[in-house]
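Open the model in your viewer and keep the selection tool at hand. Each stop below names what to select and what is there.

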Amino acid sequence: MSETAKLSLQGKEVELPLIIGSENEVGIDISNLRNDTGAVTVDVGYKNTGSTTSAITYLDGEAGILRHRGYSIEDLAENATFLEVAYLLINGELPNSKEYEEWDYQIRHHTLVNEDMENIFKAWPTGSHPMGQLTAMISSLSSFYPESLNPNPSEEEQFRTIRRLIAKMPTIVAMLHKKNAGHPIIYPKNKLDYVSNFLNMTFKQVTEDYEIDPIFVEAMNKLLILHADHEQNCSASTVRIVGSAHSNLYACIAAGIAALWGPLHGGANQKVIEMLEAIKQDGGDAKKYIAKAKDKNDPFRLMGFGHRVYKNYDPRALIIKKSCDDILNKLGVKDPVLDIAKQLEETALADEYFIERKLFPNVDFYSGIIYRAMGFPVEMFTVLFALGRLPGWIAQWKEMRDQGQPIGRPRQIYTGYTKRDWTARALR
Ligand code: ACO
């Protein structure tokens with residue numbers, strides 16, 4: 001097979017080297033294109049652009065494959081703990097028993113946040129969206145730990161910030177939940193494992209005992225793993241590009257959270273439940289909404305359907321769908337929106353419009369139903385996505401810094417006016 005691609009451009013021939021991935025993916029290296037030809041490539045939305053090489057996550061959207069560091073998402077979701085997956089993503093290997101013990105200990109013993117962080121809540125109006133609050137809280141960690149502002153942290157300093165982020169994020173997320181409900185916050189209990197501690201801080205009331213349900217622990221662990229990384233998506237690319245300016249890691253993660261908030265990305269999980277509720281209130285006619293989604297004059301989109309890279313089933317959606325059934329059965333919850341979700345899915349999967357465009361349910365289609373059954377308010381769904389995605393963002397940031405990548409700065413093709421002369425206001 002040829003190791004180069006040939007480009008013929010305005011009478012000039014250039015040879016472009018190929019970069020072949022470990023799964024035989026082919027990339028055309030255009031890093032010298034502008035120097036050699038004066039031209040740039042245009043790829044709005046980066047649908048054909050590899051922004052980096054990466055050894056973290058392999059995704060084959062046509063075959064419905066997702067692997068982290070070589071391990072299939074099915075294996076990880078079935079067997080691992082979320083902390084184990086976080087370690088794998090960030091360090092490249094699964095931890096052995098000793099490494100896991102040490103990692104778990106480090107995380108368990110850094111769960112408290114500075115008491116002053118509670119003051120930040122005083123400034124927010126009631127009803128503030130927790131994703132905006134999470135962005136601000138994570139960014140504010142750079143004020144509590146100013147040493148993180150060092151643009152070239154040593155490995156030890158890097159690890160300290162990583163450990164703080166992973167350990168404190170569940171505390172912050174639970175705090176958001178409590179504060180927005182007007183309830184007193186519950187402090188972390190370090191004898192509990194990561195997921196149990198989070199559930200305890202979220203659902204325990206100061207006035208009541210709380211027994212952590214192992215079904216909840218299992219479900220939450222799986223959901224966090226399924227969201228842990230997804231290669232160069234909108235938020236991960238945001239983290240990498242902000243990090244390429246050597247901004248501190250807290251700021252990079254805050255930027256990732258902001259990107260995730262959008263309804264076309266992580267914000268879809270909230271929108272899915274709102275859509276299913278609206279359909280239920282409108283009589284539960286799935287076919288009517290499928291017709292709306294297909295109508296080009298109607299801005300309605302079927303939330304939780306379609307994906308930029310999966311043009312086959314999203315493997316995470318398959319795992320989640322099964323968990324959703326299991327959990328609702330185990331909890332004895334009968335959620336009418338689940339029936340609507342199933343009707344929508346069945347109708348869409350048999351419809352030419354969706355088949356032709358390869359639009360399948362994505363991970364967000366069922367996650368909200370599980371979160372709801374567990375008792376999370378709908379505004380918290382994207383926050384939970386962020387909690388799961390944190391190790392992926394960290395791994396992407398770390399890889400980008402370890403690779404010594406230059407600042408991200410795309411080019412453009414200018415389409416505005418050519419030079420014009422100034423005219424006096426009275427003459428315009
Ligand atoms: N409902 C109806 N039609 C859709 C949908 C949908 N959910 N998604 C895509 N389409 C149609 C588009 O109208 C377009 O049709 P056309 O070719 O006739 O113009 C075609 O399918 C291709 O869609 P694009 O928007 O070009 O696909 P893109 O890759 O840019 O977008 C995206 C992917 C943003 C996820 C899109 O499918 C979408 O908006 N889905 C709903 C939101 C959602 O669920 N987001 C979560 C994604 S998963 C995640 O972030 C974890």
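## Stop 1: the second largest cavity

Select Val 113, Thr 171, Met 175, Ile 185 and Tyr 187: of the 13 residues that line the second largest cavity, these lie nearest its centre. A cavity here is a set of points on a 1 Å grid, over the protein atoms alone, where a 1.4 Å probe fits but cannot get out; lining residues have an atom within 4 Å of a point. The second largest cavity has a volume of about 100 Å³. Its volume is the space filled by probe spheres set on the points, with grid points joined across faces, edges and corners.

Helix H6 gives the most to this lining, with three residues. Helices (H or I, at least four residues) and strands (E, at least two) are DSSP runs, numbered from the N terminus. Colour the lining of the second largest cavity by class: nine residues are nonpolar, two polar and two charged. Nonpolar covers Ala, Val, Leu, Ile, Met, Phe, Trp, Tyr, Cys and Pro; charged covers Asp, Glu, Lys and Arg; the others, Gly among them, are polar.

A word on the model before moving on. It is predicted, so local features need pLDDT of at least 70 and side-chain atom pairs count only at pLDDT 80 or more, while totals for chains, interfaces and linings use all residues. Residues are numbered from 1 along each chain as its sequence is written, and side-chain values use heavy atoms, with hydrogens and water left out.

## Stop 2: the largest cavity

How many cavities of 30 Å³ or more does the structure hold? It holds three. Go to the largest one, with about 130 Å³ of space. Select Ser 148, Asn 150, Pro 153, Glu 157 and Thr 161, which lie nearest its centre among 16 lining residues.

Now show helix H6 (155-181) and helix H17 (381-402), the elements that give two or more residues to the lining of the largest cavity. H6 gives the most, with five residues. By class, this lining has four nonpolar, seven polar and five charged residues.

## Stop 3: a surface patch

Switch to a surface view. Select Val 42, Val 44 and Ile 413, which make a nonpolar surface patch of about 330 Å². Patch residues have over 30% relative accessible area and no salt bridge; nonpolar side chains (Val, Leu, Ile, Met, Phe, Trp, Tyr) are joined within 5 Å, like charges within 9 Å. Areas come from the Shrake-Rupley method with a 1.4 Å probe, and for residues only the protein chains shown count as cover.

Ile 413 lies in the segment after H17. Its relative accessible area is 51%, so it is exposed. The cut-offs are under 20% for buried, over 50% for exposed, and partly exposed in between (1.4 Å probe, protein chains only).

## Stop 4

Most residues other than glycine have a negative phi. Gln 10 sits in the loop between strand E1 (4-9) and strand E2 (12-20). At 82% relative accessibility, Gln 10 is exposed.

Next, select His 246. Its phi is also positive, about 65°, although it is not a glycine. Look for His 246 in the loop between helix H9 (234-243) and helix H10 (249-261). His 246 is partly exposed, at 34% relative accessibility.

## Stop 5: salt bridges

The whole structure has 22 salt bridges. Each puts a side-chain nitrogen of Lys or Arg within 4 Å of a carboxyl oxygen of Asp or Glu.

Select Glu 218 and Lys 330, a salt bridge at 3.9 Å, N to O. Glu 218 is in helix H8 (residues 214-226) and Lys 330 in helix H13 (residues 315-331), 112 residues apart. Glu 218 is partly exposed, at 44%.

Glu 345 lies in helix H14 (residues 336-349) and Lys 321 in H13, so the pair ties together parts 24 residues apart in sequence. Is Glu 345 buried or exposed? Glu 345 is buried, at 5%, whereas Lys 321 is partly exposed, at 26%.

Then select Lys 342 and Asp 325, which meet in a salt bridge at 2.9 Å, N to O. Lys 342 is in H14 and Asp 325 in H13, so this pair ties together parts 17 residues apart.

Finish with Glu 277, Lys 280, Asp 335 and Arg 372, linked in a network of salt bridges.

How values were computed
1 Å grid on protein atoms, 1.4 Å probe; cavity = no way out; pocket = protein on both sides within 12 Å on 5 of 7 lines; lining within 4 Å.
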